[in-house]
Amino acid sequence: MTTQTTMPEAAQDAQVGTRASASAGSTVTVPPVPVDARTESRRSTATLRATDFYAIVGALFASLSLTALLFTVVLPFNGRLGFIVVTYVCFLVSYALLVSFDEPGPVVRDRLVAVVVHSLAALMLAALVFVVVYTLVRGVEAMRNLNFFLEDMSSTGPLDPLTQGGIAHGIVGTLIMITIALVITVPLGITCAVFLSEIPGRFSRLVRTIAEAMTALPSIVAGLFIYATFILILGFDKSGLAAALAISVMMLPIIIRSADVVLRLVPGNLKEASLATGAGQWRTVWHVILPTARSGLATSVILGTARGIGETSPVLLTAGFTAAMNTNPTSGPMVSLPLIVFDFVRSPEPAQIARAFGAAATLMALVLILFVIARLIGGRGPGQLTARGRKRRAAQSRRDVERFESRAAVAAAPVSTVPGAGPIRPLEP
Amino acid sequence: VTVTDTTELPPILPRAVDEKRRAVRPRFDASDRTFRAVARASGATVLAIMSLIGVFLAIRASDAISEAGFSFFTTSAWEPDGGNFGIAAVLVGTVLIACVAITLAVPLAMAVALYIVEYAPARLKQTLISLVDLMAAVPSIVYGLWGAYFLQYQVTGLARWIATYFGWVPFLGVDSADPNDPLSTSTVYTSSTFIAGIVVALMIAPIVCAIMREVFAQTPAGEREGALALGATKWGMIRAVVLPFGKGGMIGGTMLGLGRALGETIAVLIIISPVFVIQPNILETGSNSVASLIALRYGEATTFATSALMAAGLVLFSMTLVVNFAASTIVARSRSGAESEG
């Protein structure tokens, strides 16, 4: 029993009493309290009590049976959704009633809010997960055939079975478009983010305000802009390049904004240390700020990519449509995965619908993969290293020490003793 | 100068050399100057691209707007080549869809944000945050497919029930069906503003939730613990500390969600059946939005029809821009001072 080690409350009270009487200067003697008079049991600090559990289970049973009674005997109701809603309302009422038997008003309200928050959160998270799972499950039918990933739709009609045709042209098109878009947005976006955080002033504040407001630019407006300039004014045809430009316009503010947030998290004392050792601004950016923020920058680029490959409307306006494979982004129409989904889904044929779900599931899988990669390399604060990075840093530091020591040995050879030229201790990683 | 016992101040000597105030202008070498020039140029490029969007839309739209004048905002038909066109119907549709979406998304997003910050076990927290972030990256067409092929058929019963018992509430009635006729077809309840709104709500809820969670999590721990130490229940603490502190984030997050909801194209386009009359009944089939109008009609051949679409795009652009500006201002103000220098 560990209860003996804790001092019983009565004994503590007695000590306080003794001290109080001692300071008062009177000679009242306090009767000694026997320490082991009663055995204490350890207090439970758990926030969940048995009665809470009973209240929830009881309310659940009460509401279920009451609703069942209402639906089968008393009221002319039917329908699954109605049953769930009525059960939920009954549950709230009976739970409040049960809690109010032994708790005051504020606690009853607290319990009710806790139930509502838990259930709404569960509802929304379940709905979100369900959206993804539903698409993946319905996509399996088309994705089971390998030709779905290897063929295009040039010789396949809507009525043909799923063993013919596929979305290879969409996968290739998506990859080409996103590559072009990344080639444009990554250098421009990250340079602009560095500008915003490193060269503060009125101009960079203006750029930041505009870029932030543009993060929620409707994607169709981005498409419309490229349609108005690149296609109507400059006279180019609809092509993969035009679509890539439209995606770039949409992705650019997203990447700038998230990269800016990451760069602002780089600790100021790192920057100041670099400047104090005599490095210029450019060297500080290149050797300190960008490496420190590397994982965060990669995450922001990948999340921007995930947004970019999923957008339909800019591609719809600028890429044209084709059922055949086209690997040249500068001429001829090119399709992307979301555009293929949108085209398939306009057909009433079950095979086309199945293909649409297959393409959507493929797209979803791409986004999931990108997201997992982003979480694996990102998710750490700036400057925090992985185990491998720490090892690499330690090895580098050890090599530096050896280099310094060998140099010190060379310097020490002609002159007998140089004061203070002892071995330089390695930095703690 | 010797220090004596008497507190006599040493005489101030006149300066030997007339010192000048040093100029503290930073000097940049060549690489720094190049870097600053390139960085400035990239900032200017981004600014130019972003402002060109508005300028080009305005230039291309000027034909149609000067032709239609103010009737562009009051006409609900869309026949640009006949000269009879306007965005009254699509604008009302856009706003209604956004309103339905916000009404549904904000309570859900707030519940999830509160759950993650206040109620969830610590082990689960990071997973839930990642899940919400992932959901914000799910392509809108995936939500659209789900809405069109799953939700549509599940919701008609609910829509019919609401229309039957709450049809007297404005916006909730259905004109083309008799709610008392049990055999009436349920197709009048499909492809409606309501269904599009639910889908858009699910799309924007992760974004709203992410912002609210961030702001809730920044509530100072001292005040939080102070409330609990005074004997507040968890809900009492949330109401007295967390919600007032996060008010700016809640409003700003809601408005950012509104901006996204106004501009959503594909999910809406897949679900609704487009109409060009003002359709105030959100449960009834037929709706439209500015974005889906553009996606529907962009293929029109004549220059003038394209110009009319650009005008519609310009209106959408200005609307979302105003909402976003307001939202980011509110969020930025609520976050001020929360960031720290290391």
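Between chain A and chain B, eight residue pairs are in polar contact, both residues of each pair being at pLDDT 80 or more. A polar contact is a pair of N or O atoms within 3.5 Å; within protein, one must be able to donate a hydrogen and the other to accept it, and residues adjacent in sequence count only if both atoms are side-chain atoms. The model is predicted: local features need pLDDT of at least 70, side-chain atom pairs count only at pLDDT 80 or more, and totals for chains, interfaces and linings use all residues. Residues are numbered from 1 along each chain as its sequence is written, chains are lettered from A and ligands numbered from 1 in the order in which they are written, and side-chain values use heavy atoms, with hydrogens and water left out.

**The interface between the chains**

- Chain A and chain B bury about 7500 Å² between them, and 80% of this is on carbon and sulfur atoms; buried area is the accessible area (1.4 Å probe) that two parts lose on being put together, summed over both.
- On the side of chain A that touches chain B, the largest share, 22 residues, comes from helix 4 (residues 105-143) of chain A. Helices (H or I, at least four residues) and strands (E, at least two) are DSSP runs, numbered from the N terminus.
- That side of chain A divides into 63 nonpolar, 13 polar and eleven charged residues. Ala, Val, Leu, Ile, Met, Phe, Trp, Tyr, Cys and Pro count as nonpolar, Asp, Glu, Lys and Arg as charged, and the others, Gly among them, as polar.
- The contact, meaning heavy atoms within 4.5 Å, takes 87 residues from chain A and 81 residues from chain B.
- Zero salt bridges are counted between chain A and chain B.

**Salt bridges**

- Over all chains, a search of the whole structure finds five salt bridges. A salt bridge is a side-chain nitrogen of Lys or Arg within 4 Å of a carboxyl oxygen of Asp or Glu.
- E198(A) and K271(A) form a salt bridge through their side chains, at 3.4 Å from N to O. E198(A) is in helix 6 (residues 168-198) of chain A and K271(A) in helix 10 (residues 268-276) of chain A, so the pair ties together parts that are 73 residues apart in sequence.
- Both E198(A) and K271(A) are buried. Buried means under 20% relative accessible area, exposed over 50%, and partly exposed in between (1.4 Å probe, protein chains only).
- D260(A) and R264(A) form a salt bridge, with their closest N and O atoms 3.4 Å apart. The two are four residues apart in helix 9 (residues 240-264) of chain A, so about one helical turn separates them.
- D260(A) is buried at 2% relative accessibility, whereas R264(A) is partly exposed at 34%.
- A network of salt bridges links R208(A), D260(A) and R264(A).
- In chain B, E118(B) forms a salt bridge with R224(B), and the closest N and O atoms are 2.4 Å apart. E118(B) belongs to helix 2 (residues 88-119) of chain B and R224(B) to helix 6 (residues 221-229) of chain B, so the pair ties together parts that are 106 residues apart in sequence.
- E118(B) and R224(B) are buried.

**Chain A**

- Chain A has 16 helices and zero strands, and buried residues make up 44% of its 429 residues.
- Helix 12 (residues 294-310) of chain A has 17 residues and should span 24 Å at 1.5 Å a residue; its end C-alpha atoms are 25 Å apart, which agrees. The expected span is 1.5 Å times one less than the number of residues.
- In helix 12 of chain A, 14 of the 17 residues are buried, so the helix is largely enclosed by the rest of the structure.
- P333(A) lies in the loop between helix 13 (313-318) and helix 14 (337-345) of chain A and is partly exposed, at 31% relative accessibility.

**Chain B**

- T320(B) is placed in helix 11 (residues 303-335) of chain B and is buried, at 2% relative accessibility.
- The side chain of T320(B) reaches the backbone oxygen of F317(B) at 3.0 Å.
- Leaving aside neighbours within four places in sequence, T320(B) is in contact with P218(A), G259(B), L262(B) and G263(B).
- Twelve of the 17 residues of helix 8 of chain B are buried, including G259(B), L262(B) and G263(B).
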